[in-house]
Amino acid sequence: MAQEVYRELLINADNASAICTANALELSESGKAFRKYFDGGTTGSAALKDEGKSQLFPTAAAIAHKVKSVMNGGYETMAGGSMTVSLKIGDIVRHSGSFSRGESEKALDNIPADNVAFSNAFEWDFNVRYNSQAYHITSCIIGLYFYQYSCAANAAGNGIANTSVSNAAPYQGESVTFTATVKPGATWHGWYSDAACTQLVSTSQSYTTAAADLTLYAKATREVTGTGAYARAGGQWAEAQDVYKKINGEWVLQTDNSYKTEMQNGNYKFEEVSE
């Protein structure tokens with residue numbers, strides 16, 4: 001079952017200049033993350049660089065489905081005025097807060113935001129009333145919620161040598177590849193969604209799909225020739241001439257070869273043991 005993973009990034013005076021760019025704002029000045037100071041204009045913006053996104057996203061392909069935003073700020077001079085700061089992801093405003101003189105916090109959590117990707121622009125836009133005083137965001141938090149899934153590759157039939165999945169715990173937005181290797185002489189059938197191998201998903205031995213909670217079963221069968229059973233004698237493995245099955249406490253010679261179907265279905269397992 002998918003689990004929700006939360007990751008957040010705190011931006012303040014210590015890191016703003018390293019992970020953000022600014023337009024008509026100052027970064028990491030006077031103990032503030034973002035500061036608009038007597039520049040003659042009423043708008044400005046700060047944007048998150050890839051260095052910041054790398055701290056926020058678990059992988060470059062992961063996609064978030066919810067957002068959290070916290071902004072702490074206000075303005076420093078005069079009794080009047082106003083400041084509005086809006087968090088925009090891509091072309092959509094996800095959170096907006098109006099600030100007054102002094103310091104206050106504006107917070108919003110669980111903001112629906114399907115398909116928030118690493119490629120999106122993350123921007124804090126300033127809109128102020130007067131251009132003759134100092135406005136600021138001391139710190140802000142951007143948080144993202146991701147779905148993380150569980151994937152597994154299993155073997156079915158007697159013809160599978162091994163199976164693997166490229167990512168056992170992928171995030172929404174990623175892809176996973178299921179790969180199977182068959183034994184020599186085996187016939188490949190495909191990947192199935194059920195252990196009984198009745199629901200075919202793909203006939204490709206290397207199957208790539210979007211991340212989801214997914215367990216697949218690789219099936220390949222190998223025809224059993226001769227008795228198909230081996231015994232070790234004198235340090236050498238040799239094929240048995242006859243096969244016996246214990247029935248009701250008695251060993252019974254198998255003459256109709258029905259046991260081979262059991263072997264092909266993987267119901268018998270033979271292992272080499274040390275002498």
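Colleague: How many helices and strands are in the protein chain?

Modeller: There are three helices and 22 strands. Bear in mind that this is a predicted model.

Colleague: And what share of the residues counts as buried?

Modeller: 39% of the 275 residues in the protein chain. The accessible surface is about 14,300 Å², and carbon and sulfur atoms hold 45% of that.

Colleague: OK, the core. Which residues touch the most other members of the largest nonpolar core?

Modeller: I11, F34 and W124, out of 39 residues in that core. Strand β11 (residues 134-148) gives the largest share, six residues. There's also a second, separate core of 13 residues, with I160, F178, L216 and A218 among them.

Colleague: What is W124 in contact with, leaving aside its neighbours within four places in sequence?

Modeller: The list includes I11, F34, L48, M71, V85, C140 and I142.

Colleague: Is C140 buried or exposed?

Modeller: Buried, with a relative accessible area of 0%. C197 counts as buried too, at 11% relative accessibility.

Colleague: Back to F34. What stands opposite F34 in β4?

Modeller: That's L27. Strands β3 (residues 26-29) and β4 (residues 32-37) run antiparallel, joined by three bridges. Their hairpin has two residues between the strands, and S30 takes a positive phi there, near 55°.

Colleague: Switching to charges: how many salt bridges does a search of the whole structure find?

Modeller: Five. One of them pairs R35 with E26, at 3.7 Å from N to O.

Colleague: Why does R35 count as buried but E26 as partly exposed?

Modeller: Because buried means under 20% relative accessible area: R35 has 10%, while E26 has 30%.

Colleague: Which residues are linked in a network of salt bridges?

Modeller: K88, E123 and D125. The closest N and O atoms are 3.9 Å apart for K88 and E123, and 3.7 Å apart for D125 and K88.

Terms used:
Residues numbered from 1 in each chain as written. Predicted model: local features only at pLDDT ≥ 70, side-chain atom pairs only at ≥ 80, totals over all residues. Heavy atoms only, no water. Pairing = 2+ DSSP bridges. Helix = DSSP H or I, 4+ residues; strand = E, 2+ residues; numbered from the N terminus. Core = buried A, V, L, I, M, F, W, Y, C linked by side-chain atoms within 4.5 Å. Buried < 20%, exposed > 50% of the residue type's maximum accessible area, 1.4 Å probe, protein only. Contact = heavy atoms within 4.5 Å. Areas by Shrake-Rupley, 256 points an atom, 1.4 Å probe, with all protein chains shown as cover. Salt bridge = Lys/Arg side-chain N within 4 Å of Asp/Glu carboxyl O.
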